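Please keep the coordinates at hand while reading.

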Amino acid sequence: MSLLYHRLMSDARLEQFKQMAAEFPDAPMAHFSLGKAYLERRQYAEAAQALETAVRLDPQYAAALVSLGDAYAGAGQTQKAREVLTRARDTALAQSHASLAEEIDERLSGLD
């Protein structure tokens, strides 16, 4: 029963994020949240689409870049994942987020 309940909550949450992205199409956070919801569901193509929008709206959005790299990796698009994660690492370092850069390095090493 709890698994079904979790899935229903997940579906409701996904719909909420879809609505938020539709209502606020110029808000990177709305598309990021939608992309993260899709990532949790392992719907990588949908996640990538939402996260690409977030990054297009805010090219310096390091967390969205990392999640976009994760979506590409999950979809088996290793080269795209590597390119985006490298960009995410450079962005994190430029924003003085050394710990995020280290986390991204771990993701990059996992792509080999």
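With a relative accessibility of 37%, Glu103 counts as partly exposed; here buried means under 20% relative accessible area, exposed over 50%, and partly exposed in between, with a 1.4 Å probe and protein chains only. The model is a predicted one, in which local features need pLDDT of at least 70 and side-chain atom pairs count only at pLDDT 80 or more, whereas totals for chains, interfaces and linings use all residues. Residues are numbered from 1 along each chain as its sequence is written, and side-chain values use heavy atoms, with hydrogens and water left out.

Glu103 forms a salt bridge with Arg107, the closest N and O atoms being 2.7 Å apart. The term salt bridge requires a side-chain nitrogen of Lys or Arg within 4 Å of a carboxyl oxygen of Asp or Glu. Both partners, Glu103 and Arg107, belong to helix α6 (residues 98–110), where they stand four residues apart, about one turn of the helix. Helices here are DSSP runs (H or I, at least four residues), as strands are (E, at least two), numbered from the N terminus. Arg107 is likewise partly exposed, at 27% relative accessibility. Together with Asp70, the residues Glu103 and Arg107 are linked in a network of salt bridges.

Ala62, Val66 and Asp70 of α4 meet Leu100, Ile104 and Arg107 of α6, where contact means heavy atoms within 4.5 Å. By class, this contact has four nonpolar, no polar and two charged residues. The classes are as follows: Ala, Val, Leu, Ile, Met, Phe, Trp, Tyr, Cys and Pro count as nonpolar, Asp, Glu, Lys and Arg as charged, and the others, Gly among them, as polar.

How does α6 lie relative to helix α5 (residues 78–94)? Their axes come within 8 Å and cross at roughly 165 degrees, and α5 and α6 are therefore roughly antiparallel to each other. The crossing of α5 and α6 is left-handed, a term that applies if the near helix is turned anticlockwise from the far one by less than a right angle, clockwise being right-handed. On the α5 side the contact includes Leu85, Ala88 and Ala92, and on the α6 side it includes Leu100, Ile104 and Arg107. The contact of α5 with α6 has eight nonpolar, one polar and four charged residues.

Within helix α5, Ala88 is buried, at 0% relative accessibility. Not counting residues up to four places away in sequence, Ala88 touches Ala62, Leu65, Val66 and Ile104. The C-alpha atoms of Ala88 and Pro59 are 9.6 Å apart in space, although these residues are 29 residues apart in sequence.

Helix α4 also packs against α2. The axes of α2 and α4 come within 10 Å and cross at roughly 30 degrees, so the two helices are roughly parallel to each other. Their crossing is left-handed. Phe32, Lys36 and Leu39 of α2 contact Ala63, Ala64, Ser67, Asp70 and Ala71 of α4. Ser67, located in helix α4 (residues 62–74), is buried, with a relative accessible area of 4%. Apart from neighbours within four places in sequence, Ser67 is in contact with Phe32, Lys36, Leu39 and Leu51.

The count of salt bridges comes to six. One of them joins the side chains of Asp11 and Arg41 at 2.8 Å, N to O. Asp11 lies in helix α1 (residues 2–23) and Arg41 in the loop between α2 (28–40) and α3 (44–57), so the pair ties together parts that are 30 residues apart in sequence. Asp11 is partly exposed, at 28% relative accessibility, whereas Arg41 is buried, at 18%. The side chains of Arg13 and Glu40 also meet in a salt bridge (2.8 Å, N to O). Because Arg13 lies in helix α1 and Glu40 in helix α2, this pair ties together parts that are 27 residues apart in sequence. Arg13 is partly exposed, with a relative accessible area of 31%, and Glu40 is exposed, at 54% relative accessibility.

Conventions:
Axes are lines fitted to C-alpha atoms, for helices over the stretch in contact, and angles run from 0 to 180 degrees between N-to-C directions. Angles under 35 degrees count as roughly parallel, over 145 as roughly antiparallel, 65 to 115 as roughly perpendicular and the rest as oblique.
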